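Good morning, and thank you for making time on the agenda.

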Amino acid sequence: MQAEASTTAVIGDQIFTDVLGGNRAGLYTILVTPLARREFMGTKISRSMEFFVLRRLKKTKLTTDENRFER
């Protein structure tokens, strides 16, 4: 796509894939609320671990509910 990192953002609903991958690539990342209610077993496991990460981030003020967009 020939896009530059300074003008590219990753929008995703998973911390360990979308956000972590985007950050490692040097991109701006946006975490959104998942749309699907039904998910694969691997995604369900990741979501349970994400719960603890999000709780930790909220305590350290790195993320807030005010920064989230709800569907």
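What you see is a predicted model. I begin with a network of salt bridges that links Asp13, Glu39, Arg47 and Glu50. The count of salt bridges comes to three, and I shall take them in turn.

Arg47 pairs with Asp13, their closest N and O atoms lying 3.0 Å apart. This pair links distant parts of the chain: Arg47 belongs to helix 2, while Asp13 sits in the loop between strand 1 and helix 1, 34 residues apart.

Arg47 also forms a salt bridge with Glu39, where the closest N and O atoms are 2.9 Å apart. With Glu50, Arg47 makes a salt bridge of 3.3 Å, N to O. Here both partners lie in helix 2, three residues apart, which is about one turn of the helix.

How accessible are these residues? Arg47 has a relative accessible area of 17%, under the 20% limit, and therefore counts as buried. Glu50 is likewise buried. Asp13, at 23%, counts as partly exposed, and Glu39 is partly exposed at 24%.

Let me turn to the strands. Strand 1, residues 9-12, pairs with strand 2, residues 28-31, in the parallel sense over four bridges. From strand 1 the chain passes through helix 1, residues 15-24, to strand 2, in a right-handed β-α-β crossover.

Finally, the aromatic rings. The structure holds one aromatic pair. The rings of Phe51 and Phe52 have centres 5.3 Å apart and planes at 80°, so the pair is edge-to-face.

Key: Residues numbered from 1 in each chain as written. Predicted model: local features only at pLDDT ≥ 70, side-chain atom pairs only at ≥ 80, totals over all residues. Heavy atoms only, no water. Pairing = 2+ DSSP bridges. Helix = DSSP H or I, 4+ residues; strand = E, 2+ residues; numbered from the N terminus. Right-handed = clockwise from strand over helix to strand, strands pointing away. Phe/Tyr/Trp six-rings, centres within 6.5 Å; stacked < 30°, edge-to-face > 60°. Salt bridge = Lys/Arg side-chain N within 4 Å of Asp/Glu carboxyl O. Buried < 20%, exposed > 50% of the residue type's maximum accessible area, 1.4 Å probe, protein only.
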